[in-house]
Amino acid sequence: MQRILYAALLTALLAGCGHAGHPAAPEAEATDGHAHAEGEIIFTPEQAKAAGVVTETIQPAPFADAVKVGGTLEAPAGSETTVAATAAGLVSLAPAVRAEGMHVGSGATVARISAQGLPDGDPVDRARVAYETAREAYERGARLVGERIISQSQFEALRGQYEQARLAYEAQAADHSAGGVAVKAPAAGYVKQLLVRPGDYVAVGQPLVVLTSTRRLRLRAEVPERHLHRLASVRTARFLTPYDGRTYALDSLGGRLAARGRATGGSPYVPVTFEFDNRGSFVAGTAVEVWLVGAARPDVLSVPRTALTEEQGLYYVYIKTSDHTYRKQEVTPAADNGHRVAIASGLHGGEEVVAEGAVAVKLAALSGAVPEGHNHQH
């Protein structure tokens with residue numbers, strides 16, 4: 001009997017409460033004066049501000065259709081520089097190039113090459129010996145040609161050998177120190193690829209590091225053949241990066257359409273290439289999701305992509321019905337252009353939809369606790 005009475009009391013108490021996550025009875029009047037309709041989600045203005053909730057009133061407006069495809073960020077031709085070894089020996093990498101993606105300033109040391117301890121000896125020492133020997137021969141020849149002991153042509157040969165030895169020695173000695181010969185970056189850029197490891201033996205002219213300026217990048221989209229008829233209307237694009245989950249519009253990055261493929265060339269895909277400014281930390285070689293944006297259609301109801309939530313294959317938005325309440329609304333998405341999603345059904349226009357922070361409202365709907373700041377006295 002006590003157990004039955006307790007259950008009845010608990011049921012009566014819950015029937016009179018309109019907490020977040022517990023829809024109140026239809027048209028129920030709570031003791032705090034709020035009329036809570038069925039399915040309402042209680043979320044106070046204080047909570048909404050703390051959760052970063054932003055709403056948007058949905059109205060018919062132009063909507064640009066888009067084709068979603070795969071793509072890659074690439075460095076333009078000519079933007080890469082290969083830094084090669086200027087001496088033979090054991091290489092040690094500078095701290096500025098310890099990892100790919102690090103920035104290197106113009107003239108900065110990228111590596112040092114030392115031949116100390118090797119059988120052939122230090123190449124700078126050998127160049128110095130060759131230079132001093134050629135200089136002595138040249139100075140002696142200058143005296144002998146004046147005394148007509150050697151011919152002018154013999155003297156010119158000695159001069160040429162001396163100049164070559166001097167240039168070779170000065171080129172290496174200028175960047176030489178106790179740690180070896182310094183190899184410097186000819187221009188500023190980012191480390192794209194390390195071609196050697198610390199301690200490797202390298203020969204003169206062997207590539208060490210590949211640098212890329214990345215001031216301009218290319219977005220190469222691969223378009224399946226079934227979408228070829230839509231390429232003529234493509235004007236710009238958006239892309240989603242996997243490392244930060246953000247969608248970027250080429251229009252805001254100084255982007256432009258660079259080339260549009262005309263044939264597949266035996267591949268099931270046609271390339272479409274854009275160029276844009278690297279105003280973020282974009283990494284060449286990254287695979288991205290791409291929306292090729294075409295012409296706009298008028299009077300389309302659409303919501304930001306961040307407004308949509310998905311549950312078991314169904315899509316929902318949250319509509320603000322008052323300062324403290326929201327309502328979950330099922331919608332049918334249509335086209336997605338990477339920024340907004342056209343809505344085929346579920347909205348009529350004029351609704352105030354949660355554009356950002358929809359996940360916070362969804363969690364409030366699922367929570368069984370009374371939202372902080374919305375206390376009821378029962």
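Me: Which loop is Arg-148 in?
Reply: Arg-148 sits in the loop between helix 3 (123-146) and helix 4 (152-173). Helices here are DSSP runs of H or I with at least four residues, strands are runs of E with at least two, and both are numbered from the N terminus.

Me: What kind of model is this?
Reply: This is a predicted model: local features need pLDDT of at least 70, side-chain atom pairs count only at pLDDT 80 or more, and totals for chains, interfaces and linings use all residues. Residues are numbered from 1 along each chain as its sequence is written, and side-chain values use heavy atoms, leaving out hydrogens and water.

Me: Back to Arg-148. What is its phi?
Reply: Arg-148 has a positive phi of about 60°, although it is not a glycine. Most residues other than glycine have a negative phi.

Me: Is Arg-148 buried or exposed?
Reply: Arg-148 is exposed, at 76% relative accessible area. Buried means under 20%, exposed over 50%, and partly exposed in between, with a 1.4 Å probe and protein chains only.

Me: What about Gln-312, what phi does that one have?
Reply: Gln-312 isn't a glycine, yet its phi is positive, about 50°. Gln-312 is in the loop between strand 22 (309-311) and strand 23 (314-320). Gln-312 is exposed, with a relative accessible area of 83%.

Me: New topic. Which strands make the open sheet?
Reply: Four strands form it, in the order 6-14-12-8, with antiparallel pairing. Strand 6 (80-84) and strand 8 (103-104) are the edges, as each pairs on one side only. Two strands pair if DSSP finds at least two bridges between them.

Me: How many bridges join strand 6 and strand 14?
Reply: Five bridges, in the antiparallel sense; strand 14 covers residues 207-212. In this pairing, Thr-81 stands opposite Leu-211 in strand 14.

Me: And Ala-360, where is that?
Reply: Ala-360 lies in helix 5, residues 358-366. Leaving aside residues up to four places away in sequence, Ala-360 touches Phe-43 and Ala-51. Contact means heavy atoms within 4.5 Å.

Me: How far apart are Ala-360 and Gln-47?
Reply: They are 313 residues apart in sequence, but 9.2 Å apart in space, C-alpha to C-alpha.

Me: Zoom out. How many helices and strands does the protein chain have?
Reply: The protein chain has five helices and 26 strands. Of its 378 residues, 36% are buried.

Me: What share of contacts comes from residues 24 or more positions apart?
Reply: Such residues account for 73% of the protein chain's contacts with a separation of 6 or more.
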